[in-house]
Structure formats: C-alpha cells, structure tokens
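Subject: Structure handed over, with notes

Hello,

Please find the structure below, followed by my notes on what was found in it.

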Amino acid sequence: MLVTMVWLAGRYEASQVQDKLERDTAGAVSEVRAALARNTQDLQALNAGEVGKEDWRVRAAELLQVRREMLRIEWRNPDMAIVAHAETPYRNEYWSGNFREDSDSHALAACASARRTNTTAYSSSYFQVLGEGMGMELIEACLPLQHQGRFDGYEVVTYSLPYILSAQVSKNLTRNQEVSFTEPDGTRLALVGAVWRGTRVFSAQQLLDLPGHTLVLRMDSWHRAPSVFPNVLTALVTAMSIALVSVLIVLVRDNRRRLRAERDLGDALAFRKAMEDSLITGLRARDLQGRISYVNPAFCAMVGFTTEELLGLDIAPYWPPELAQEYRKRQGWRLSGAIPTVREGHESMFMRKDGTRFPVLIFEAPLINAQGQHTGWMSAFIDISEQRRIEEISRASQERLQATARLATVGEMASLLSHELTQPLMAIASYASGSLHLLEGTGSTPVAQLPAEQARDQLQELVTVMRKIGFQADRAGRVIKSVRDFVRRRDQSREAVQPQELLDAVMPLVRMQARKLGVQVDVEQDALLPAVLCDVTMVEQVLLNLTRNGMQAMDDAQIEPRQLTVTVRHPRAHEVPDRLVFSVSDWGVGIPDSVAQQLFGAFFTTRPEGMGLGLSLCRTVVEQHGGQLQFTPNLPRGTVFTFTLPIAESA
C-alpha cells in the first residue's frame, strides 16, 4: 500500500506537469497560427489599390522591420517573374550568391498550390547553407493576388523557422522548457529554449497544419523527480481518508449522472419512436453489405411488408421483377462508395405486397456513426402516387380550359365567318344561275341546236364559270377548315414546322377580322428561317389570340393608322441563340401600369365580353415550350408582345 501511494503521488504530479505542458504546446501552436494569419493580412495590404514598385518596396521594408521571422518578400507576376523584392535589414548576408536560384523550386511549388486553392500556401521546409559552416531551416509562403476580380500575380515570403519560434513562442517559455519544429518522423528543424537539463523530461507535440505543408511543434520540459510527502505514514492516513471520502462522493455523483443519463436516453428513445411513428416519409437503413438494418413504420405501411420480413434482406421483395436487375446495378454502384449529392433525389417504382406498383421519390445519404465512420446508407422514401394523380387532373383541367378558350374564340368570330362565307356563297349562286342560263340556250335556241362554232364558244364560257364556282367553293372550305382545325382538340405532340406554315394557318382568320375593323396586317420574316419544334395547334392559338388582342386594342375611331405587324426573326446577340423570336405589335392604346401587374392572371380581362383566359393560356403554352411571353411599349404608341420557340435542330 505504501509503495502504491508513493507511486500514485508521483504519477499525479507527473500528470499535472504533462497536462500543463500539453496546454502550453497548444497555446504555442495557436500563437504561431495567429502570427502567420496576421502576416497574411499585412501581405495582402502591400498590394492594396494601385501601388508602384517603389511604394511597394517601402511598405515591404517597413513590414520586415516589425516582422523579424520574415527574411525576404517578393512580388511576382503571374509568370512567376520577380517584379520587386525586399529583404530583412537584420540578416542581409543570407541573400548573397545564388540563393534564389537554389530555393526557387520551393517558391514555385507553393505558388502552384496557392493558385489551385486561391489562398495562402506553404512549401516544405529546406536547409539554407550559410557562411562559416552555419545554416538555417527556411520555408516559403505564397499568397495569390487579386485585383478587381482579376488574378494579378503572387507575393512570396521567406520565413525562418528558428525566428518564428524566437518571435512568437520563446517569450512565454520558462527556464526549464525547450521548443522546436520537427518533421512528422521526428527530425528536428529548429530549436529554441534553455539548455538546462533535469532528472526527468516531459514532451508534448502538436501538429501545425499549414496549407501545403505540415510541421510538428514539440515542447520539452525538464523536472526533478516528483516529490513525495515527507511523513509517509501521515500522508498514508490522510490520503486514505481523503480517498475514501472522494470515492464516496464520486460514486454518488456517478450514480446520479448514470441515472440521469439513463432517464435522458429513455426520453430520447421515446421521442424518437414517437417521431418515427408520426412520419409519413418512409425510412430505410442498409449496412455496407447492402442488408436492410432498419425500417420505420411508414416504410412498412408503404410497401405492405412487416419489419421482420424486411430486416436482414439484401434483395428487396418490394422491387418489381421487371426492374430488379436495374435496381441491383444501382445498389452495387451505391455500395461501391459513390456518395450522392445532398438532397438530390431520384424517382423509382416500388411494388406493394399485393403486387400493385406505385412511384416513389428517393433521397439517400451516407450513414455516419458517432465515431465518424461510414457504416451504411440511410434512405428516405416519399410516395408520390397522389402527386402524380393531381398532376394528371391538373393537366386534364388545363386542356379543358384551353379547349374552352378556343371555343370562346370561335364563338366571338362566328359573325365574321358568316360575313366571310356570304361572299363566296353568293358568288356560287350567281355563277350557278348563269350556267343554267347558258345550258338552256340563248333566247329560244338550246345549246345543242346552235351552230358548232357558237356552241363551242358557249361551252368554253360555261367551263370558265364552273371554274369560278369551284374557286369560290374552295375559298369557303378553307375558311371553315381553318376554324375547324383550330377548335378541334388534339393530343399535345411537338413536331418540326416552318414558321411560314404557322402563319399560313392563322392568317386567314386574322385577315377576316382585320377587314372588318379596318386594320392593315403586315407580315415580316427574316431570310432562311429554320424550323421550330412545337405543338402546332397550341402555338397557332397563341398567334391568333395575340393578333386578335392587338386588333381589338385599335378598335377606336380616333386611332389612325391601324396597323398590326407580325414578325419572325433570328435571335439577336443578347438573346437565347437556339430560339426564333415571334412578335406581334399594334398601334393601339397601350397597357397602363395598373393593368400590367395582373395582365397574365387567369380570368382577368378589361373587356366586358372577355373570359380572361387568352393571355393566361398563351403564357402557359409558351412556358411549356421553354420560353417566356413578354410585352413592351411600341413607340410612339401601342404594345409589342414577344415570345420564343426552340429551333428544331437545337432541340
């Protein structure tokens, strides 16, 4: 017992000395890091603003006077050529001869690392031979320079490892401490401190991890053998009493802490269980071999399997058989170490126990334990069946709205159609009456009884009349077909189509209303326009709605001239290069600011008879094609609506 107490007393004193040395070593490393950080800030200030070589040298010389650990500062251009340099006033003899040629490789390595990381980087240490058999360990630091966002060269500073220790650490050393820089393998590079030796040495090491290089700061402390109480018996009784009381106190406190920890752990487990049970997101964990190690109730409810049926499996029973091979490849890729981007999910298809399929959205992340080790993968699953159903309902509703808008448009144009069809039908009736008159004969003589030459002239005239009847019938058919094609609801499919074909499909309807309102319609196109990839029916509706709106904006007796211009052109330099630009400009009353804020809102209209769906659907169609519907004032009067469509070859 006596030997044990003496040994424990010595161990306690030794541990106290070692702990203090560890704290001193950590403080020394912090001081060195802080000093290097201050030096970096001062170096950045050297090239602040527009500075010339002489001003830079003056600033650098002033910095070297107060930073003795820096021996030389160089300003280098992006090609690593020296623009200017300054040397310490305390050790000029170090820079004689070919010093820079011998050490330039270290500066180049540091600057290459600094250029990659865009921050200060340090080279490995090297030994510089001085005169009279002396030498010194040096290290290069390189700082990349930025000026107005442009890379502008480097600042290279040469540090002396012994002077770093002298300037930053030695002032806090006691007479029995020694501090040094060493390599990770223990090789000493620089040493500062007292040469006094005691009977026992204590050592502590801390890494000085610099960008590009790592040094070890080692601190040694010498002490005499640990002292023991002079009266061993008194010390023994006192120590045993103190130890007994201390043990009792420690046991009581430890027992309280243990009970409190168990209670906190139970509360945490209960909270976690309640949280897992309330989640609607499925959770699944797998180990590094791909076996399922955990599933929450939401996941079991999602796939229809119990926890006992899933734990330990590496081939999931909820994989659809037709997709099992694909899922095995994905699992192998994940188990090979591929780490997904955080919050980057992917869609997949799962199968419930009853065989029904449902889509899921999967998020995966590495599973890291408390020791920082990668132990598996954690996945979160969201059933998106309802979302897909809602999207389908929304798409169907959008199609019905679009069809309603087309029907409303045709309803408004019914009067124009009746006016437009009246002319060809009246012409057909007149030509038919004339044909009957020719067939019945001139006067009282039928055609068959006329002389041959006169009968031939009558037949030729009859052929001309019949051709005119056919032309007028074809004209009426084209008018009806343009409206029928527009109203007819078709599946949304995109195809390559020439811009001229889009214009030809809507211009008959546009010109009908233009003639009624007295509007002049002009079409302007660039030469050699490529085909665009679009839904023809929907884009035709966009063009028709924009042209009708433009003409209605000019339906005022005071507006002159009434001119509508439809333009198709190549994109300009500041526009998206793989899209054609369509625009419709009018000379109407323009769009006031109060209307512009809600112009594209659904069911918003400024016309009493309007439905407020035209521009809203136009914007939806354009955005579905990856473009934007915009409007700008048309100087000196009116408005220009512009949208883009993707070029077929680029798409």
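Arg115 lies over the face of Phe151, at 3.9 Å from the ring centre. A charge is taken to sit over a ring if NZ of Lys or CZ of Arg is within 6 Å of the ring centre and within 35 degrees of the ring normal. The charged end of Arg352 is placed in this way over the ring of Phe358, 4.1 Å from its centre.

This is a predicted model, in which local features need pLDDT of at least 70 and side-chain atom pairs count only at pLDDT 80 or more, while totals for chains, interfaces and linings use all residues. Residues are numbered from 1 along each chain as its sequence is written, and side-chain values use heavy atoms, with hydrogens and water left out.

Next, the aromatic rings. Rings of Phe, Tyr and Trp (its six-membered ring) pair if their centres lie within 6.5 Å; planes under 30 degrees apart count as stacked, over 60 as edge-to-face and the rest as tilted. The whole structure holds 10 aromatic pairs. In one of them, Tyr318 and Phe350 have ring centres 4.8 Å apart and planes at 45 degrees, so this pair is tilted. Tyr318 lies in the loop between α7 (307-310) and α8, and Phe350 in strand β13, so the pair ties together parts that are 32 residues apart in sequence. Helices (H or I, at least four residues) and strands (E, at least two) are DSSP runs, numbered from the N terminus. Both Tyr318 and Phe350 are buried, where buried means under 20% relative accessible area, exposed over 50%, and partly exposed in between (1.4 Å probe, protein chains only).

Phe582 and Phe643 form a stacked pair, 5.3 Å centre to centre with 10 degrees between the planes. Phe582 is in strand β20 (residues 579-585) and Phe643 in strand β22 (residues 639-646), so parts 61 residues apart in sequence are tied together. Phe582 and Phe643 are also buried. Ring pairs link Phe299, Tyr318, Phe350, Phe358 and Phe381 into a cluster.

What about the cysteines? A disulfide is a pair of cysteine sulfur atoms within 2.5 Å, and the count by this rule is one. The partners are Cys111 and Cys142, with sulfur atoms 2.2 Å apart. The torsion about their S-S bond is about 100 degrees, so the disulfide is right-handed. Cys111 lies in helix α3 (residues 99-117) and Cys142 in strand β5 (residues 135-147), so the bond ties together parts 31 residues apart in sequence. Both cysteines are buried. Cys300 is buried too, at 11% relative accessible area, as is Cys618, at 1%.

Regards
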